[in-house]
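Hi,

Here is the structure I promised to send over.

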Amino acid sequence: MPTYPYMLVDAFTDRPLGGNPCAVIFDADPLDAPTMQAIAREMNLSETAFVHRSAVADVGARYFTPVEEIPLAGHPTIATIIALVDAGRIALAGDTTHLSLELPAGVIPIVIYAEGGQARRVVMSQLAPRFLAVYDPAEVLPAFGLRAEDVMPGAPVQTVSTGTPQLMIPLRDHAALRRARVDPAAFVALRARGDFFSPHLFCLGGATAVGRTFARHFGLPPDTPEDPFTGSATGGMAAYLWHHGLIDVPTWVAEQGHWMGRPGQATVAVVGPPAAIRTVQVGGGAVVLIRGELQL
């Protein structure tokens, strides 16, 4: 009976049961895509990560939601790197360790920051942003129980990709964000005619005094109805805000998940001028909760 070591890791948090949980499956090279998809359905988390050897990077990974593979994701990346360090599969090179990670979207740089020999924070450099379709707010907002007037004044509703295309829906305040509720039929229809993987609703002002932005991210069953923290969309959001002149600094703390009882935080740094962003760096900590073995 084949066995695969795995870990359950909470990402974008420094404490257990916060942030976003991810299952990380090691030695996944023999697994085909249908088997990985079936395991992701079994885990029933936002994403499950499968670690494999790479010919073009230090390590490779593939990420699956319960429904489909995703080309680039944030919290599985943070979780995967922390798990590899915890398992002794990546050796720290002092307080700062550089490596490369192969994903279906491409090879991305990773930096691990350590203190006292322990990995504390992982920073991923996402792909240069692509600014894609712009939507009529009156077409989009009803799918989330909102009105066009709830959009941040002067801000477009637009798909942005830093590796995975996400629909950026900027809202005017926390009250509008709290009112958001998915209309399943309208959401399905919107996604079917759209160019995005999932929607990212956000506003300026954090859930705590530390944050500059606060977000919610929705899906439809059998995917998770709401994501506790979404690193790829956080990168797209950061590029969007900087590109459109909606935030006055290129670095800040993004927050998500607090209203779900799973508070998460990420550092974001947009690299490059608003008209020519080269990358977005998204970083956070993670905590290993479970070490186990998968038997197939």
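Helix 6 runs over residues 231-243, and in this predicted model its 13 residues reach 18 Å from the first C-alpha to the last. That is close to the 18 Å expected at 1.5 Å a residue. The helix is mostly covered, too: twelve of the 13 residues are buried. If you want to click through them, the buried ones are Gly231, Ser232, Ala233, Thr234, Gly235, Gly236, Met237, Ala238, Ala239, Tyr240, Leu241 and Trp242. After helix 6 comes Gly245, which has a positive phi, near 65 degrees.

Next, Thr77, which sits in helix 2 (residues 74-86). Its relative accessible area is 0%, so Thr77 counts as buried. What does Thr77 touch, once residues up to four places away in sequence are left out? The list is Tyr63, Leu101, Leu103, Ile110 and Met124.

The last one is Met152, in the loop between helix 3 (137-140) and strand 10 (157-161). Met152 is in a loop, yet it is buried, with a relative accessible area of 9%. The cut-off for buried is under 20%, so Met152 with its 9% falls on the buried side. Setting aside neighbours within four places in sequence, Met152 is in contact with Pro170, Leu171, Arg172, Leu204 and Leu246. Take Pro170 from that list: Met152 and Pro170 are 18 residues apart in sequence, but their C-alphas are 5.4 Å apart in space.

Cheers

Key: Residues numbered from 1 in each chain as written. Predicted model: local features only at pLDDT ≥ 70, side-chain atom pairs only at ≥ 80, totals over all residues. Heavy atoms only, no water. Helix = DSSP H or I, 4+ residues; strand = E, 2+ residues; numbered from the N terminus. Expected span 1.5 Å × (residues − 1). Buried < 20%, exposed > 50% of the residue type's maximum accessible area, 1.4 Å probe, protein only. Contact = heavy atoms within 4.5 Å.
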